[in-house]
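Hi everyone, thanks for coming. Please have a look at the model on the screen, and I'll talk you through it.

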Amino acid sequence: MELMVEVCCSRRDFIRIAGEEMAAGVVKSRFLKLNHEHIAYVLDSLSHNTTLVKNIKAYTLAALYNAPTTISQYYASLVSHDLAQDAAGI
């Protein structure tokens, strides 16, 4: 939450997300539209990550920014995986 507040209170014109300079207004608008499901999804994804993340702040900001566009595909993939395992008798 603190990262989201930091971004939303920023006075900068641009905010770097995933290596790209994004208009601060666009990033703030997207963050203000996040709900508890998006945040839970990001926290769940972070908890399952086994890769060493060198810049966790940048990584988390990118995950939060992309959450609305990736959440559906993420859960659809989990369901497909579970159904395939059930069909295989695993």
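Predicted model: local features only at pLDDT ≥ 70, side-chain atom pairs only at ≥ 80, totals over all residues.

Residues are numbered from 1 along each chain as its sequence is written, and side-chain values use heavy atoms, with hydrogens and water left out.

So, the core. By a nonpolar core I mean a set of buried Ala, Val, Leu, Ile, Met, Phe, Trp, Tyr and Cys residues joined through side-chain atoms within 4.5 Å. Buried is under 20% relative accessible area, exposed is over 50%, and partly exposed is in between, using a 1.4 Å probe and protein chains only. The largest core here has 16 residues, and Val7, Ile15, Ile17, Val27, Phe31, Leu34 and Leu64 have the most contacts inside it. Two or more residues come from each of helix H1 (2-9), strand S1 (14-17), helix H2 (24-32), helix H3 (36-48) and helix H4 (56-88). These are DSSP runs numbered from the N terminus: helices are H or I with at least four residues, strands E with at least two. H4 gives the most to this core, with 6 residues.

What is Val7 in contact with, leaving aside its neighbours within four places in sequence? Counting heavy atoms within 4.5 Å as contact, the partners are Ile15, Val27, Lys28, Phe31 and Leu61.

Now the pockets. On a 1 Å grid over the protein atoms alone, a pocket is an open set of points where a 1.4 Å probe fits, with protein on both sides within 12 Å along at least five of seven lines; lining residues have an atom within 4 Å of a point. The largest pocket is lined by 14 residues, and Arg12, Ile15, Arg16, Lys57 and Leu61 lie nearest its centre. H4 gives the most to that lining, with 4 residues.

The second largest pocket is lined by Met1, Glu2, Leu3, Met4, Ile39, Val42, Leu43, Leu46, Thr60 and Leu64. Its lining takes two or more residues from each of H1, H3 and H4, with the largest share, 4 residues, coming from H3.

Let me finish with Met1, in the segment before H1. Met1 is exposed, with a relative accessible area of 66%. Met1 and Ile39 are 38 residues apart in sequence, yet 8.7 Å apart in space, C-alpha to C-alpha.
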